[in-house]
Amino acid sequence: MENQNVIYGINGPVVTVKDTRSFSMMEMVFVGNERLVGEVIGITNQLTTIQVYEETTGLKPGEPVFGTGSPMNVTLGPGIMDNIFDGIERPLKSIEEKSGAFISRGSNVSPLNEEKLWDVTVTVKEGDNLKGGDIYAECPETSIIRHKCMVPPEISGVVTKVEKSGQYKVSDPVAELTDSKGNVHKLSLCQKWPIRTPRPVSERLQTKVPLITGQRVIDTLFPISKGGTAAIPGGFGTGKTMTQHQLAKWCDADIIIYVGCGERGNEMSQVLDEFTELVDPKSGRPMTDRTVLIANTSNMPVAAREASIYTGITLAEYYRDMGYHVAIMADSTSRWAEALREISGRLEEMPAEEGFPAYLPSRLAEFYERAGMVNNLNGTSGSITIIGAVSPQGSDFSEPVTQNTKRFTRCFWALDKALAYARHYPAINWTQSYSEYFTDLDPWYIKEVGEDFIKYRKKISRLLQEENKLMEIVKLIGSDVLPDDQKLVIEIARVIRVGFLQQNAFHADDTFVPLEKQKLMMKTILYLYKKSKQLVSANVPISGILQSGLFDKLVKMKYDIPNNKLEMFDDYMKEIDQTFAGIMSA
C-alpha cells in the first residue's frame with residue numbers, strides 16, 4: 001500500500017514532510033523504513049516539521065512517515081523502579097539483551113517487561129464508583145516500593161467487572177469501568193501519559209517541611225523544602241554530580257529519579273556502576289530498589305536529550321500521585337538547553353541571547369513548575385523536589401541558562417572552583433548561595449529541632465559574612481594590623497568552614513549528619529567563640545587562646561563524636577570552661 005506521507009527534507013534530527021494534513025501538533029510519529037521515533041513540532045500549509053529522537057544517518061527522501069494519532073508519551077506501570085531508560089523510555093538493559101552493547105536504530109522494545117508476573121492485590125469490588133486517580137490494585141514493585149495502580153485522570157465510572165487477586169502481567173486487565181456514557185474501560189496494571197502534559201492534582205500546597213539531606217551546609221544554611229526547587233550551578237570539576245549523588249543517597253525522599261541529560265558517557269557509566277553498588281541506608285536494600293535512572297549521554301541524539309527531562313518529570317509525577325515523596329536530579333539542564341539551541345538553529349528560528357532560542361525561559365519554567373507539594377486526586381499527598389545542575393561555561397554565572405534558572409528556583413547552591421580545588425566539599429560558596437525557604441521552613445525547625453537551631457544558624461551566617469569582609473582587608477594590608485577581636489572572628493570562621501561546612505562523604509559519621517548533631521556542633525563552636533571573646537575583652541592575647549588547642553579540636557569533632565553519642569558534646573563544653581578558667585587564672 002502506497003503511503004502518502006513521505007520524507008521531503010532532512011536536516012540532522014529535523015525532518016520535513018510536504019503537502020500533508022495527516023498529522024497534528026506534538027503527535028508521535030515513526031519516520032522512515034526503520035520506524036525511528038519522532039514528534040511533530042511544526043505545521044504549515046506546505047510543510048510538517050518533525051524532530052527525530054534517533055540518529056538520522058542513512059535516512060532518505062521518499063521514505064514513509066507513519067502517524068500514531070497520540071502525543072509523545074511514556075508507559076507508566078510496575079517495572080519502572082530498578083530500571084535504566086534512555087531519554088524516550090526505552091529500557092537499556094532489555095536493548096542490550098536484544099541487540100548487544102549498542103542501541104540499534106528503531107529498537108522497538110517495550111518500556112516495561114510484558115512477560116513478568118506481578119503479585120497483584122485488587123482493592124475494589126463490583127459496584128464501586130471510581131474517579132480519576134483512585135487506586136484499584138496494588139503490587140510490590142521492589143522490596144521498598146509498593147506500586148499502586150490508579151485510574152487514568154480523565155476516566156471515571158462504576159466498576160462492572162473485577163478479577164481476583166493473583167499474578168498478572170502489566171497488560172492484563174484486572175478490572176473494568178463503565179462510564180456515564182456506557183463506554184467500557186479496561187483497567188490493566190499500566191497506562192500511558194503524554195510527557196509534556198503535567199498530571200493533574202487536587203490542590204497545590206505550601207511547602208512547609210524541609211528535605212533533610214544530612215549535608216550541613218544545605219540543611220543549616222541553605223535548606224530546601226519537600227516540593228521545592230534548587231539549582232546547583234558550577235563549572236567543570238566543581239562537584240555537581242558528586243553533590244547530587246550525596247543528595248540522592250541520603251535525602252529523605254521515598255524515590256529518586258536521576259536524569260543524566262547530555263553528560264559524558266564515561267561519567268554516566270560511572271553513575272550507573274555506583275548506583276548499582278550503593279546500599280540504601282534506610283532499608284539496607286540496594287539503592288536501585290527506589291531509584292530510576294534515565295541515561296542520555298552527550299553522544300546520543302540531541303532531540304532525545306531534550307525529551308529526557310520531560311520523561312523524568314512524568315515518571316516523578318506518577319509516583320507522586322501514589323503518595324510518595326520524589327526527588328528528581330537533572331544533570332545537567334545546560335546540556336538540555338544546548339539541545340534546544342541546536343534544534344532551534346536547524347529550524348532556522350531567530351536566536352536570542354548567546355544563540356539560545358527565545359523560548360528558553362518558558363521551557364525552564366515549564367519544567368521547574370512541575371515541582372511542588374500537592375494533594376492528589378485520590379486523597380493522598382505527595383511531593384516532587386527538583387534539583388537541577390547547571391554547567392555554565394567557564395563558571396560564568398551570568399550566562400542565560402544560569403540566570404533564567406535563578407528566576408524559577410528558590411534555592412541556589414553556587415559551586416566554587418576555588419573551594420573544589422582546595423578539596424573543600426561540598427564546594428558550595430556560602431557568600432554566593434541563598435535559599436528563599438527560611439520563612440516557610442522555620443516553624444518546622446522550631447517545632448522539631450528547637451528555636452536554638454535558627455538562632456545558631458543566624459550567628460554562624462553573620463560570622464561568615466564578617467570574615468568575608470575582613471579577608472578583603474587582610475588581602476590588602478595583612479592580618480597583623482587587625483585587632484584581636486577581629487583576628488578571633490577569622491579563627492572561629494576557619495573552625496566553621498573546615499569543621500562544620502566541609503564534609504567527608506567517605507567517613508561513616510560524616511557522610512550523613514542528623515539535625516540534632518548539626519545543632520550541637522553549631523552550639524559548641526559558638527560557645528567557644530563566646531568564651532574566647534570574654535578572654536579577648538579581658539586583654540588576653542589571641543595567641544594565648546589559640547595555644548589551648550581547642551580550635552583545632554573543634555575542627556575534628558565531626559569525626560571524633562559519633563552520630564549516636566551526642567552526649568559527648570557536654571564534655572567539650574566542660575573542657576572549654578576548664579581550659580579558659582586556667583588561662584584566666586594564669
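This report describes selected local features of a predicted protein model.

With a relative accessible area of 49%, Arg 462 is classed as partly exposed, because a residue must be over 50% to count as exposed.

Ile 10 belongs to strand S1, which covers residues 7-11. The relative accessible area of Ile 10 is 31%, and the residue is therefore partly exposed.

When residues up to four places away in sequence are set aside, Ile 10 touches Val 15, Thr 56, Leu 59, Lys 60 and Pro 61.

Most peptide bonds are trans. Against that background, two bonds in this model deserve attention.

The bond between Asp 331 and Ser 332 is cis, with an omega of about 5 degrees. Ser 332 sits in the loop that runs between strand S22 (325-331) and helix H6 (333-346). A cis peptide bond also links Tyr 425 to Pro 426, and here omega is about -10 degrees. Pro 426 is located in the loop between helix H9 (417-421) and strand S26 (434-435).

Most residues other than glycine have a negative phi. Two residues with a positive value are described below.

Asp 82 is not a glycine, yet its phi is positive, at about 60 degrees. This residue lies in the loop between strand S7 (73-76) and strand S8 (83-85). Its relative accessibility is 33%, so Asp 82 counts as partly exposed.

Glu 348 likewise is a residue other than glycine with a positive phi, near 60 degrees. Glu 348 is found in the loop between H6 and helix H7 (360-368). Is Glu 348 buried or exposed? Its relative accessible area is 70%, so Glu 348 is exposed; the cut-off for that class is over 50%.

Note on methods
Residues numbered from 1 in each chain as written. Predicted model: local features only at pLDDT ≥ 70, side-chain atom pairs only at ≥ 80, totals over all residues. Heavy atoms only, no water. Buried < 20%, exposed > 50% of the residue type's maximum accessible area, 1.4 Å probe, protein only. Helix = DSSP H or I, 4+ residues; strand = E, 2+ residues; numbered from the N terminus. Contact = heavy atoms within 4.5 Å.
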